Amino acid sequence: MIRLDKFLSEMGLGTRSEVKKLIKTGQIAINGTVAVKPETKIDTAADEVSVNGRIVKYQKYEYYLFNKPSGCVSATKDNVHKTVMDYITDAVHDDLFPVGRLDIDTEGLLLITNDGALSHELLSPSKHVAKTYYARIDGEVTQNDIISFKEGVDIGEERLTKPAELVIKKSGSVSEIELTITEGKFHQVKRMFEVLGKRVIYLRRISMGPLKLPDDLKTGTYRALTQAETDALMQINCGK
């Protein structure tokens with residue numbers, strides 16, 4: 001159960017004072033009956049709330065797939081740089097945040113949500129959620145590098161990195177690769193290649209768990225997750 005004015009405010013109809021004006025002027029109805037009190041309790045699963053005849057459905061969580069551009073930080077606020085949240089312009093809730101971080105110069109898939117429990121599950125080391133990156137590497141990537149990544153490399157942490165799957169798409173003075181890791185250490189992909197004497201010159205995340213970066217989602221744009229994508233994420237959340 002939730003207060004009517006809180007429900008309307010959370011669904012983006014305005015501030016508490018603004019939605020109280022909507023109620024006072026008879027623009028809100030509950031199950032077809034005009035509402036008169038902002039403190040009226042409603043059952044979000046059973047009651048039908050409408051504004052001037054338009055039904056408003058309760059949405060507790062929002063999930064957006066964002067194609068992060070280079071030059072913005074994975075944060076909700078920053079005093080210097082543009083944040084990924086500056087790109088999310090039509091969300092209902094005001095408590096959204098990015099799940100995990102991509103470096104300021106890294107592009108690609110980033111999940112934006114207000115579902116804290118799901119975020120915790122996706123970032124939990126015990127879940128081993130796979131993250132795949134496409135990268136261009138300054139230097140020739142070899143079969144020996146594939147073996148090194150599979151065995152784990154020393155990037156200065158207490159333990160070697162967990163086994164990672166390296167796929168060489170093109171090998172040469174500038175190589176193209178895809179790398180799948182199940183960790184999220186600071187600058188991990190860049191540090192792993194540095195250990196092998198190579199430098200990442202471009203990095204883009206192309207998948208995270210069941211989510212794939214769509215080919216038609218332009219850099220700097222986003223879309224709501226499909227029901228199938230949301231359901232797939234819930235399987236991670238439930239798989240405790």
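View 1. The buried residues are Q188, V189, K190, R191, M192 and F193. Helices here are DSSP runs of H or I with at least four residues, strands are runs of E with at least two, and both are numbered from the N terminus. Among the elements covering these buried residues are α4 (143-151) and β11 (165-170). After α5 comes G197, which has a positive phi near 80°. This is a predicted model, where local features need pLDDT of at least 70 and side-chain atom pairs pLDDT 80 or more, while totals for chains, interfaces and linings use all residues. Residues count from 1 along each chain as its sequence is written, and side-chain values use heavy atoms, without hydrogens or water.

**View 2. Here is the largest nonpolar core, with 28 residues.** Such a core is a set of buried Ala, Val, Leu, Ile, Met, Phe, Trp, Tyr and Cys residues joined through side-chain atoms within 4.5 Å. I112, L179 and F193 have the most contacts inside this core. Elements that each supply at least two of its residues include β9 (107-113), β12 (174-181) and α5 (188-195).

**View 3. Meet the surroundings of L179.** Leaving aside neighbours within four places in sequence, L179 is in contact (heavy atoms within 4.5 Å) with residues including Y133, F149, L166, M192 and F193.

**View 4. R3 lies in strand β1 (residues 2-3).** R3 is partly exposed, with a relative accessible area of 29%. Beyond its neighbours within four places in sequence, R3 is in contact with R16, P38, E39, T40 and K41.

Methods:
Buried < 20%, exposed > 50% of the residue type's maximum accessible area, 1.4 Å probe, protein only.
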